[in-house]
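Work through the exercises below with the sequence and the structure side by side. Each task is followed by a solution in steps.

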Amino acid sequence: MKVRLPERPNLLILALMLGSWPEPSTAQETATAQGRAQTRVVAPVSTALRDALSFGSISVSAGASGTVTVSSDSTTAFLGVSQAHCTGQTKCRAHRAVFEVTGEAERTYGVSLPPSVVARGERSGSALAVEALEMRSLNTSARSGGRLDKAGKDRFFVGGTVNVPAGTVSDVYRAELPVTVFYN
């Protein structure tokens, strides 16, 4: 049997090509991957006051004003005021505040202090401004936080300046000093 080719061979080739083309896909292409979720639980950071900031027992001459500055490095300066003589009495001496910090070993932490607080007289209700509050860590030279050691411990110290205006009445003045400690 003889096969006769069409007079136009290009049409036959075109017809064969169209029949061999893949049909357009109607299915959507997809891909998958596996993700992860994780967390790390660390020991909470905490702090405790071990010794309050004290400007000591002082006196001011009549009509005079002055300041007492206790630095976080433990130096004390009296300007225009006199420190009472404290023979063997540690409670009347000026000293910095001491806070202990515990938490995750070798983590850094920050400390937030207010710029100032107001100390009120217990009997008189009179106010004294405590300003220039500062801190220093035992484990680092940082002035805004510290670093916990391998046991997860550190101490930091707080100092400041109390302003004693002329005419300040004799009283015991106290202020609340809010301190916030947080991981960096």
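**Exercise 1.** Determine whether F156 is buried or exposed.

Solution. F156 has a relative accessible area of 0%, and buried means under 20% relative accessible area, exposed over 50% and partly exposed in between, with a 1.4 Å probe and protein chains only. F156 is therefore buried. This is a predicted model, in which local features need pLDDT of at least 70 and side-chain atom pairs count only at pLDDT 80 or more, while totals for chains, interfaces and linings use all residues. Residues are numbered from 1 along each chain as its sequence is written, and side-chain values use heavy atoms, with hydrogens and water left out.

**Exercise 2.** Find how many aromatic pairs the structure holds, and classify each.

Solution. Rings of Phe, Tyr and Trp (its six-membered ring) pair if their centres lie within 6.5 Å, and planes under 30 degrees apart count as stacked, over 60 as edge-to-face and the rest as tilted. The structure holds 2 such pairs. In the stacked one, F99 and F156 lie 4.9 Å centre to centre, with 10° between the planes. Because F99 belongs to strand β6 (residues 97-102) and F156 to strand β11 (residues 153-164), this pair ties together parts 57 residues apart in sequence; strands are DSSP runs (E, at least two residues), numbered from the N terminus. The ring centres of Y109 and F156 are 6.5 Å apart and their planes stand at 45°, so that pair is tilted. Here Y109 comes from strand β7 (residues 108-112), 47 residues from F156.

**Exercise 3.** State which residues form the aromatic cluster.

Solution. F99, Y109 and F156 make up one cluster. Y109 is buried, with a relative accessible area of 0%, and F99 is buried as well.

Methods. Helices (H or I, at least four residues) and strands (E, at least two) are DSSP runs, numbered from the N terminus.
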